[in-house]
Amino acid sequence: MSLFSTAERAALDRVSVPAMRVGLAGDIVAARTGAIPVRRSLRGGWRRHGGVLLGAGALIIASATAAATGLLDHLPIRIPGITRVAEAPVAKPRHVVRVEKPREAPEGSSAKPVALAALPVADPTPSPTPQEQWRERRAARIATGLPVRRPLIQRAMAAKLRALPPDQRAAAIAEWQRIRALPPEERKLAVAKVKADFLAQHPKMAARYEARLEARSAAAADGTKPLVGPTLPTAGPRLPLTPDQRAERRARWQAMTGADGTALTPDQRAQRREEIRTWRTERRAQRLGNGGMPRREGLPRARR
Amino acid sequence: MLMRQTMPARETVAPRDSGSSDDAVMARIAGRDALAFSRVVEAQLGLLHRVAYRMLGDAAEAEDVAQEALLRLWASAERWRPEQAGIAAWLTRVAVNLCLDRLRRRRFSSDAEVPERADDTPGADARMADEQLRAAALAALGDLTERHRAAIVLTYYEELPNAAAAEVLEMKLKAFESLLLRARGAMRERLAARGLTTLAGDAA
């Protein structure tokens, strides 16, 4: 069933298909049943006859060479240019390398044995993978307050926007312009609210988001992939922490993830992952409850 | 009056009850029966050519794609699984995938040429106007993304049911219906942008 109007159907029906080449069906059948070779390209010009031309050229060169060197019927025809090229090249003489034996130093000489320079040892430190390098660059941009480039995400969002009906697209653009015009703090609140609403309406995406966070925390707990860059979703650049806050966070993180050197069993690892997940959820709720700003000791709550 | 250049769906997509006949035909082709293969070629070549032309916009490439799809059918006849999708659906899926592969390497290039030379013969103005409209419609189809275009070609031009078209594109039915809804909206916009219709769907 088509939902196009009469005029739209009339416009679409104008896309007529030109007739096929006569005999195409027969060529296809004959190609597969062995009668004629498959013509892969139906374009004209030199491409179509390229094989024939190359074969003819090779034949001409071969016959000229044969005639020049007298291979055919021992004909003593020699064409200087081709003969010189076509004659078998003289074998190269074997290159013999003379190795001189080291002369023994005479007794009593003051010559000291030459110490060979030590071979350069490859740096055992593994070079960072491209993903780690990308994370480092991203963290550096966030730390300096520069906007983070997200070309793939931007392209995907632009494609989604183009795919919306005109009225919905205009509404989305108007909403985006309204949020962009807000002051920075209110903009963070609005963006966090939009994100929370979106995740609430899309449970599958919320589950994938949670799984991503869980995978990151599990990787951090295993100690195999050190975290570089922010691991928590932020609505903007991170605010600087005091040294005491940084030490407290590190101690809390190590206590949760077992980064103090103890080996974890799989059950313990799963339990820690669950604790981290609960902690992240509570922390996100706390931050949203504080107006999207991290709670600071001694600072008043953000007013709404 | 231009009629849609399509065949009824029943003649293009093998219905479920002819699955056994498709299996028998493929068994004969696997035994290198040229007659069976020629019948399949005659029955399906038109469909493949139409789909490929509307996907790619180039007649020569459309013939290449149709030929390649049929050659792949011959090559993979021995690996045909009984009771799977019919021959027409299989060929359509292969042709659409070949078109999508080619489109990923290049943009949609329409070979519709608009005549620019003045022609004094009677009816030349009308013919030129028709050619311009045809070129504009083809260009509007080419403005769509590849998957939107595939959805429109399969459902509107080839009149495949949504389930069959979803199977061709290897999508779930719900996902395909969502894709089709967006494709129709995009097609409507492109037709209006090219001046063929208005945003309300009326003739421009």
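Modeller: Arg93(B) is found in helix α5 of chain B, residues 87-105; helices here are DSSP runs of H or I with at least four residues, strands are runs of E with at least two, and both are numbered from the N terminus. This is a predicted model, in which local features need pLDDT of at least 70 and side-chain atom pairs count only at pLDDT 80 or more, while totals for chains, interfaces and linings use all residues. Residues are numbered from 1 along each chain as its sequence is written, chains are lettered from A and ligands numbered from 1 in the order in which they are written, and side-chain values use heavy atoms, with hydrogens and water left out.

Arg93(B) is buried but has no salt bridge. Buried means under 20% relative accessible area, exposed over 50%, and partly exposed in between, with a 1.4 Å probe and protein chains only. A salt bridge is a side-chain nitrogen of Lys or Arg within 4 Å of a carboxyl oxygen of Asp or Glu. For Arg93(B), the nearest side chain of opposite charge is Glu170(B), 4.0 Å away; Lys and Arg count as positive, Asp and Glu as negative, and His and the chain ends are not counted. Apart from neighbours within four places in sequence, Arg93(B) is in contact with Glu167(B), Val168(B) and Glu170(B), contact being heavy atoms within 4.5 Å.

Helix α5 of chain B also holds Asp101(B) and Arg104(B), three residues apart, about one turn of the helix. These two do form a salt bridge, with the closest N and O atoms 2.9 Å apart. Asp101(B) is partly exposed at 34% relative accessibility, and Arg104(B) is exposed at 60%.

Arg178(A) and Glu175(A) form a salt bridge, their closest N and O atoms being 2.9 Å apart. They are three residues apart in helix α7 (residues 166-180) of chain A, so about one helical turn separates them. In helix α8 (residues 184-201) of chain A, Asp197(A) and Lys193(A) are four residues apart, and their side chains meet in a salt bridge at 3.1 Å, N to O. Glu210(A), Glu214(A), Arg277(A) and Arg284(A) are linked in a network of salt bridges.

Across the interface of chain B and chain A there are three salt bridges. The side chains of Glu189(B) and Arg169(A) meet in a salt bridge of 2.9 Å, N to O. Over all chains the count comes to 18 salt bridges.
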